[in-house]
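Hi everyone, thanks for coming.

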Amino acid sequence: MTKKLERGAPLAEQIIAGHLAGGEGPVTPGRLVTVRPDRVYVQDGNAPTIARLYEQHGFTTVFDPERVSFVFDHSVLVADVDMADRMKDADRFAARLGVDVRARGQGISHVLAAEVGWFSPGALVLGSDSHTCVGGAFGALGLGMGASDIVAAMVTGTTWLRVPDTVEVRFTGTPARATRPRDVLLSLLRDKGQEPFLYRSVEFTGAWARSLSDDASASLASLGVELGAKCVFVPDEQGAVPTGTAPGLPRVDFDIGGLQPTVALPHLPARTVPLDEAAGTPISYVFLGSCTNSRLEDIAEAAAVVRGRRVGPGIQFVVTPGSNAVYREAMRAGYIDTLLTAGAVVTPAGCGTCVGTQGPLPARGENVLSTMNRNFRGRMGNPEANIYLSSPVVAAATALSGAIPRVEDLP
């Protein structure tokens with residue numbers, strides 16, 4: 001059961017304490033506990049693996065069909081026969097279990113989780129995807145888990161975990177005008193590394209973090225796993241997510257005053273550099289999407305950049321909204337028409353080409369600029385492509401010129 005988050009105690013510990021299965025004693029860092037999640041969701045990419053585990057162990061049911069969901073988001077437009085067979089198996093498996101199903105084209109699991117209220121202050125949510133940490137933007141303890149742990153939670157309605165230590169990350173100052181949350185987070189990763197955050201609950205604090213919109217908070221939280229964090233929490237102006245109020249928390253201070261937009265170079269998010277250091281790099285494929293940057297604000301910013309202009313010759317600019325609701329709202333606001341008029345390709349909602357299970361795939365040797373969260377070699381389905389990461393503003397500007405721009409060239 002969810003409960004109001006209180007000041008004065010680490011948020012992860014509060015949520016865990018409110019979901020104990022019983023008899024575990026005090027919730028303290030390092031302790032192993034068993035908890036009852038409010039929601040378990042499965043994405044289509046590992047649904048077939050989960051189905052095989054069910055078959056191997058003779059499982060046939062879930063603990064509560066109304067609290068287990070399957071989201072078909074990774075492979076919306078399947079162009080591979082083997083993958084098509086896997087998706088058909090996932091369809092049949094979900095039907096046998098009688099669980100809640102979010103069909104292809106409805107959107108990314110983590111975006112839908114916020115829209116339908118699975119992510120809410122005090123909720124404990126398990127997802128079969130590492131970016132379930134998005135839940136921290138909405139005060140939820142969102143935990144990504146592997147197939148075996150998800151199966152156990154689906155069957156029993158419980159899971160075990162080690163209570164994480166909590167660290168506060170205090171942002172000070174105000175970044176430059178064109179700098180976005182992803183620039184801040186990846187700069188933090190570059191400068192501090194993962195060591196201060198590994199298997200910790202990270203509570204962001206500071207005036208800048210409190211000022212973020214829901215869309216911007218979700219973008220920041222989605223990158224928590226890239227820090228190595230167990231979970232993250234982003235504060236809000238209303239105080240529903242009171243981060244950094246527990247006494248004695250270890251703290252990492254990070255000055256973002258004047259921080260410029262960034263680009264992550266292939267093939268690691270931590271290889272982040274100021275935008276001007278990558279300026280001039282030729283790009284022939286731009287992708288705007290993923291659970292990091294596929295929301296309405298992201299699409300609005302891209303539309304504002306390309307309005308009245310055309311995508312450069314030989315440039316492929318692909319836009320994939322994070323959900324059907326985002327897609328429809330972007331249509332009503334005229335953003336989709338603006339993007340199409342400029343020469344962008346707008347696909348159905350979902351994960352798009354982020355993990356390379358659907359097209360368009362990059363060509364061998366092609367330079368790609370993407371708003372995804374990761375640029376590991378082969379991430380978009382071709383290990384011979386070079387993937388750079390940026391914000392939607394930088395991505396849209398790149399689509400116009402065919403090269404990564406300088407800060408002074410941004411609108």
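So, the protein chain has 13 helices and 18 strands, where helices (H or I, at least four residues) and strands (E, at least two) are DSSP runs numbered from the N terminus. Bear in mind that this is a predicted model: local features need pLDDT of at least 70, side-chain atom pairs count only at pLDDT 80 or more, and totals for chains, interfaces and linings use all residues. Residues are numbered from 1 along each chain as its sequence is written, and side-chain values use heavy atoms, with hydrogens and water left out.

Of the 411 residues, 58% count as buried; that's under 20% relative accessible area, with exposed over 50% and partly exposed in between, using a 1.4 Å probe and protein chains only.

On to the aromatics. Rings of Phe, Tyr and Trp (its six-membered ring) pair if their centres lie within 6.5 Å; planes under 30 degrees apart count as stacked, over 60 as edge-to-face and the rest as tilted. By this rule we get nine aromatic pairs. One of them is Y54 with F59, edge-to-face, 5.7 Å centre to centre and 80° between the planes. Y54 is buried because its relative accessibility is 1%, while F59, at 31%, is partly exposed.

Then there's F171 with F254, also edge-to-face, at 6.4 Å and 70°. This pair links distant parts of the chain, 83 residues apart: F171 sits in strand β8 (residues 165-172) and F254 in strand β11 (residues 251-255). F171 is buried at 3% relative accessibility, and F254 is buried at 6%.

Last one: Y41, W118, F119 and F138 make up one aromatic cluster.
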